[in-house]
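Visitor: Hi, could you walk me through this one while I look at it? I'm new to reading structures.
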Amino acid sequence: MLMPKRTKFRKHQRGRMNGCESRGVEVQFGEYGLQVLEPAWITSRQIEAARKAMTRSVKRGGQLWIRVFPDKSVSKKPAETRMGSGKGNPEFWIAVVKPGRIMFEMSGVTKKDAHEALRLAAQKLPVKCRVLERHAGGTH
């Protein structure tokens with residue numbers, strides 16, 4: 001599972017997810033990319049599930065890039081605990097993604113295989129996604 005080795009603070013505030021992504025919106029490394037169309041918190045488990053689905057789909061061929069990293073901790077209080085007594089302990093790690101962000105990239109496989117692999121990865125994520133192709137002048 002992805003998570004930072006160390007962080008400045010153990011517990012993060014929730015923050016906001018308004019607006020669109022300005023960076024990481026073009027296919028940079030591979031030939032095909034999976035673009036997010038909704039804002040969301042993507043957990044490290046979801047990223048791992050999508051990665052496994054993609055690698056299984058292409059039978060470990062081609063090359064894969066993960067363009068997001070879960071660097072924000074989400075804390076939870078134990079079940080049936082009374083209010084008060086401070087913030088809960090960190091339970092899992094998330095990556096905050098906004099619309100337009102490229103989450104995964106692929107290369108070294110056929111167009112049909114890449115589209116199928118990225119479609120399977122998109123099914124593992126809690127957001128709507130679309131597959132992009134890299135052209136000479138960036139994305140379409």
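Predicted model: local features only at pLDDT ≥ 70, side-chain atom pairs only at ≥ 80, totals over all residues.
Visitor: Which residues of α1 are buried?
Guide: In α1, the buried residues are S44, I47, E48, A50, A53 and M54, where buried means under 20% relative accessible area, exposed over 50% and partly exposed in between, with a 1.4 Å probe and protein chains only. Residues are numbered from 1 along each chain as its sequence is written, and side-chain values use heavy atoms, with hydrogens and water left out.

Visitor: And what do those buried residues pack against?
Guide: They pack against β2, β3 (63-66), β5, β6 and α2, with contact meaning heavy atoms within 4.5 Å.

Visitor: New topic: how many residues are in the largest nonpolar core?
Guide: That core has 24 residues, and L34, I42, M103, F104, M106 and L125 are those with the most contacts inside it; a nonpolar core is a set of buried Ala, Val, Leu, Ile, Met, Phe, Trp, Tyr and Cys residues joined through side-chain atoms within 4.5 Å. The element that gives the most to this core is α2, with five residues.

Visitor: What does L125 touch?
Guide: Leaving aside residues up to four places away in sequence, L125 touches L34, I42, Q46, A50, M103 and F104.

Visitor: Now the sheet: what is its strand order?
Guide: The order is β2-β5-β4 in an open sheet of three strands with antiparallel pairing, where two strands pair if DSSP finds at least two bridges between them. Its edge strands are β2 and β4 (72-76), each pairing on one side only. Between β4 and β5 there are five bridges, and V74 stands opposite F92 in β5.

Visitor: Last one: is R14 buried or exposed?
Guide: R14 is exposed, because its relative accessible area is 60%. R14 lies in the segment before β1, and, not counting residues up to four places away in sequence, R14 touches W41 and K72. The C-alpha atoms of R14 and A50 are separated by 24 Å, with the two residues 36 residues apart along the chain.

Terms used. Helix = DSSP H or I, 4+ residues; strand = E, 2+ residues; numbered from the N terminus.
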